[in-house]
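Let's take a look inside a protein together.

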Amino acid sequence: MTTMQPTPKATTQGSIEHYDAVIIGAGVGGLYALHHLRTMGLSVRVYDGAAGVGGTWWWNRYPGARVDGPGSPFYCYTFSEDLMQEWDWAETQPDQPSVLAYLEYVADRLDLRRDIQLETWIRDACYDEAAQRWTVETSAGVRISAQFLVCAVGTLSAPNSPDIPGIQTFAGECYHTGRWPQTPVSFAGKRVGVIGTGSSGVQAVPEIAREAAHLTVFQRTPQYSIPARNRPLDPEVTRQVRENWAAIRAQLNANSVGMPFEMSQRLACEDTPEQRLALYEDLWQKGGFHLLFSSYADLLTNKEANRTLAEFVRGKIREVVRDPKTAEKLMPDYYLGTKRQLLDNGYYETFNRNNVTLVDLREDPIQEITPTGVRTTTGNHSLDMLVLATGFDAITGTLLRLNPKGRDGVSLQEKWRARFDTYLGMMIADFPNLFMIHGPGSPSVLYNMPLGAERESGWIGDCVRYLRERGLGAIEPTPDAEKSWDREVTDLANTTLYPLTDSWYTGANIPGKPRQFCVHLGGPLYFQRLSEVAAKGYEGFVFEQERRTEVVAAF
Ligand code: N01
């Protein structure tokens, strides 16, 4: 564990506080970036609009919210063996309160809170070319200056509130899953409607159905869901992970999604249909992403291979859901895995309950929301509560809503009007000294996010050190570097089936959003690219000499 350090000194000039770095966001990315930059000796201030640390895990308190990836003990920070030894996870798929408790523990253990200002939204961010610094303004109108702006704003943090006619008129309770209230929400005795059947919807639906008088699920696109098979975490697994932490960490770093999966090297066509079925059945029973990652290597690149697994999962839906008409409505028809793969705990089984109705919006679309419910083409659904599980303006939405202004006052909304250009997913031409964690063009949502945040923060720290050691005041990528990075990300994506599906990965869920698959699919290759660029003196970047003299770095 890093020893505790005094907060490096910030300075105040006039009414403006000066820091070396301002970090926006106190979630998984921002917390680690604070720790890392502060350990390097920088003065750092973190701002977050929430009333607590945790980012996405602070906001997403809807019933059933839990890690729907490989989970514990791998969805966590890896940099500190002490954290790994000290924190006990109870379940394989920790629930939202457990992940939040973990992040709160990290914040306390690393004494991060003294440099975090909560309930403070950053409303504006402008680059001052003469000073080579960013000025940010809080919701309270306070201005802060920093040489570096680190945007750890989250990839799934700008809620998508659907523009359905009449939505504002609904007189009952209405909650978006990504802005769930801090106070308990009761479904008892209520008629509840859930709009949306992505990861949040499939997690919430079984929980709400258990308590509500009646639940109506409004589904636009059926999705494939795999049983998560959440269970108590075997203490033996924890013991082994703790004993072999260095090796496990190396394994996570080498894995293409930063997870402890054995990635299959075998092609689907190398097995007979019977062998494939046996393998799929085995992995279905095991639960989680194993079905996708540990079965065949070509499921996300070969349409025919993908079809074999898709057909298997469709068969499972028919097996589980007793009413054949309902089962048919639940039948997905895109390439499995090309929307964010869902994991559930009893989702399809929920449609066997007497108090649950599925409305297929493809055949019976919503006409309007009224004060008393939802009116579809065929009739009215009276509701006391509406749950919007309608997702997010993913990856780029939050930063675009902040809309920082870079060189010559160019706004990010102008810059990203047609394409989300970045270099390495980390920096943007015309926005010097602005770093992103999990930005467009990084592996972000298709990588173990705490681990990705650590590795990206490490690169940011190295870059800052490089500048400071050479008396450089600003760094930004060249437009050419952005173009070639865009090609690299796009070429990688085009080797897969991802771009063929409308999803939030491609921006298709937000009307008017440019279609672009902006996740780098290279995994370890991405981090190797980061290291290579740094080793070549930050190839693809341009620098300015330090111009300022008045603000002395605490470095
Ligand atoms: O959002 P989504 P989410 N009328 O965009 C529907 C992460 N996550 O919050 O597919 C009717 O996936 C929309 O329909 P369609 C995870 O990465 C992680 O569920 O666009 N329906 C879809 O069904 C995940 O992928 C955890 O046709 C409308 C749904 O709403 C990401 O967050 C847990 C509509 C939105 O699904 C987002 O998941 C939960 C409209 N106007 C989430 N607009 C973990 O545990 C949208 N929909 C880690």
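## Around L424

Leaving aside neighbours within four places in sequence, which residues is L424 in contact with? They are G441, S442, W459, W485, Y526, L530, V533 and F541, where contact means heavy atoms within 4.5 Å.

A quick word on the model: it's predicted, so local features need pLDDT of at least 70 and side-chain atom pairs count only at pLDDT 80 or more, while totals for chains, interfaces and linings use all residues. Residues are numbered from 1 along each chain as its sequence is written, and side-chain values use heavy atoms, with hydrogens and water left out.

## The cores

L424 is among the residues with the most contacts inside the largest nonpolar core, which has 68 residues. A nonpolar core is a set of buried Ala, Val, Leu, Ile, Met, Phe, Trp, Tyr and Cys residues joined through side-chain atoms within 4.5 Å; buried means under 20% relative accessible area (1.4 Å probe, protein chains only). Helix α15 (residues 449-469) gives this core the most, eight residues. A second, separate core has 37 residues, including W134 and I395.

Helices here are DSSP runs (H or I, at least four residues), numbered from the N terminus. α15 is mostly covered, with 16 of its 21 residues buried. Just after α15 comes G471, with a positive phi of about 65°.

Helix α1 (residues 28-39) packs against α15 at an angle of about 35°, their axes 9 Å apart; axes are lines fitted to C-alpha atoms over the stretch in contact, and angles run from 0 to 180 degrees between N-to-C directions. Among the residues making this contact are Y32 and H36 of α1, plus A453 and G461 of α15.

Definitions and conventions. Buried means under 20% relative accessible area, exposed over 50%, partly exposed in between (1.4 Å probe, protein chains only). Helices (H or I, at least four residues) and strands (E, at least two) are DSSP runs, numbered from the N terminus.
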